[in-house]
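Subject: A structure for you to explore

Hello! Here is the structure I promised to pass on to you. Have a look at it first, and then read on for what turned up.

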Amino acid sequence: MAKRLDLKDVDIYYGKFHAVDSVSLAVPPRSVTAFIGPSGCGKSTVLRTLNRMHEVIPGARVDGEILLDGENIYGPSVDPVSVRRTIGMVFQRPNPFPTMSIRDNVVAGLKLQGRKGKKELDEVAERALRGANLWNEVKDRLAKPGGGLSGGQQQRLCIARAIAVQPDVLLMDEPCSALDPISTLAIEDLISELKADYTIVIVTHNMQQAARVSDQTAFFNLRATGEPGRLVEIDDTPKMFSNPTEQATEDYISGRFG
Amino acid sequence: MTDGPAGTGEPGDRWGGSVSAPVPEAGIPTEPRPPDEGTSGATFVQRGDRIFRFLATGSGAFVVALIGAIGLFLLIQAVPPLLQNNADFLTSRQFEAGDPNNLHFGILDLLLVTVEVSLFALVLAMPIGLGIALFLTQYAPARVARPFGYLVDLLAAVPSIIFGLWGLFVLAPVIQPFALWLQDNLGWFFLFSPGNVQIAGATVFTAGIVLAVMILPIITAISREVFARTPRAHIEAALALGATKWEVVRMTVWPFGRAGYVSASMLGLGRALGETIALMIILAATPAIFTGSLFDGGATFASKIALSFAELNNNLSAGAFIAAGLVLFVLTFLVNAAARWVIARSGAKA
């Protein structure tokens, strides 16, 4: 549980298009790392390489190394499916499986791993739902479909589904962008709690959110239109938001971007 | 949106029917906004809207009237010969309607042959259609999927007379050894027992395979459309949990598309039940009774009617065949109803 991630000279391509140029950064265990930057700068793309979701798009490929506790997840003998089983992901829009009950949504990942005992699955479902601060709201309707929940509850259900398998790393791709402020606050509180057990990487467009929830912040940007995105700088969050090293970061954070 | 009074252009429209109290600063100054009453005509309706509603309603009503008229036509034509029938219409196996003074017709064999050949075709075509649709939407690279899809669609454009000729002259001799092998080894089972015709290959077996090929494009095309609409978000959710390709299909694509696949199959079955010319060519006419074997000859409703209709010279004989047609009509209706029931039971698609 809670492993560290190291990216070494990661270049990302969509076919011939060079999307992200040579990113190197380290994500320590039990911490929250926020990726910020303007739209199209490649921060979501980098996130999706961390659990090998990037390559499900035809033509997409990755150069460089991404090490999970020292082991390259792009190694020649590594099955992307097994990578995704240990690195969980939460998406921009809540995406519970519509035909599954709340309980079955939560344990879907465990079932994929071949765990079948009803008692065990029930326990895991309760633990994960408690972990996602959703248990009290849904404990009386676990057999109902997940699609009947509110947007914020659905997103917490998706977080419960991701943490049910106790992943080494939890990736979040703008998890609050489709939610109202109250649900957003609930998710942010949850992220702060989850940090005790998980390594978290979150992409966000909301700089206040990055400032509130993260320990370190990485700022991505394009050099120019048509150029690949790149990592401008990564540093402790308080420093990034008060006294960044790069002028570009300062401009972006203070709204003088462009 | 909700169907409030359309197009009044006031800002209050934004809330649709959900706000019942008038919004003070948003209402029309002279009169308060009338409460929403769904489709009631009390409120002002744009002329274009009215015309369109009339056209749409009219089209809907026309279809209902058309089906009713067809049913009524069949019924009116069928009743007089049924009253003069000397055999039991539902349980007799002989269909002799040539002599208007001695009508002797029953539909049991026609019904059994029709149902058996259609179900046999469906059993063959359903899994293959599912496989093709999943291959095209989930496995094949886009470069291959598109031309391959066109190819399958092209099958639907082949005239059924071609299928009939191909079935009798090309397919039947090719599958004959397999048919004999089935008879030799599984002949104890009624489906594979030796048949009642001597002409090799002019059997329900051959006809069913040809029918399967004919309904394959229907099942494939509709299933493919449905599977391709599986939301990307669901597929990514499954992938991110560490699902393999097959598990993604099982967790997201299949639950999403199952109802569509079933209705596609039922449409295929409907086509099979009514197919005429291919079966007329392939199936050997026989006076023998249908034994239930796939190696029997015989006739379906449609092929029997097509074979005999040209020689009819009086209303009573014609009516006897129309009565058979009525049963086919009801049968396809029941198949459709069953399909709807299956779809409703398997839950609404999200």
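Let me begin with contacts: two residues are in contact if their C-beta atoms, placed from the backbone, lie within 7 Å. Please keep in mind that this is a predicted model, where local features need pLDDT of at least 70, side-chain atom pairs count only at pLDDT 80 or more, and totals for chains, interfaces and linings use all residues. Residues are numbered from 1 along each chain as its sequence is written, while chains are lettered from A and ligands numbered from 1 in the order in which they are written.

**Where the chains meet**

Helices (H or I, at least four residues) and strands (E, at least two) are DSSP runs, numbered from the N terminus.

Helix H6 of chain B spans residues 232–240, and its buried residues include His234(B), Ile235(B) and Leu239(B). A residue counts as buried if 20 or more other C-beta atoms lie within 10 Å of its own, as exposed if 12 or fewer do, and as partly exposed in between; the C-beta atoms are placed from the backbone. The cover over the buried residues of H6(B) includes helix H2 (80–86) and strand E6 (87–90) of chain A, together with helix H7 (245–274) of chain B. Just after H6(B), Gly242(B) has a positive phi of about 90°.

**Chain B and its helices**

Chain B has 10 helices and 2 strands, and buried residues make up 34% of its 350 residues. The UniProt annotation "transmembrane region", from an unreviewed entry, covers several stretches of chain B, among them 110–136 and 199–222. UniProt positions are given in the numbering used here, feature names are shortened, and annotations may be inferred rather than shown by experiment. Residues 110–136 of chain B are 100% helix and 0% strand, with end C-alpha atoms 37 Å apart.

Helix H5 of chain B packs against two other helices that we can look at. With H3(B) (residues 142–157) the angle is about 135° and the axes are 7 Å apart; with H2(B) (residues 108–139) the angle is about 40° and the axes are 6 Å apart. Axes are lines fitted to C-alpha atoms, for helices over the stretch in contact, and angles run from 0 to 180 degrees between N-to-C directions. Angles under 35 degrees count as roughly parallel, over 145 as roughly antiparallel, 65 to 115 as roughly perpendicular and the rest as oblique. H3(B) and H5(B) are therefore oblique to each other, and H2(B) and H5(B) are therefore oblique to each other.

**The nonpolar core**

A nonpolar core is a set of buried Ala, Val, Leu, Ile, Met, Phe, Trp, Tyr and Cys residues joined through C-beta atoms within 7 Å. The largest one has 154 residues, and Ala160(A), Ile163(A), Ala164(A) and Ile215(B) have the most contacts inside it. Helix H5 of chain B (residues 204–228) provides the largest share of this core, 16 residues. Leaving out residues up to four places away in sequence, Ala160(A) touches residues including Val106(A), Leu129(A) and Leu134(A).

Enjoy exploring!
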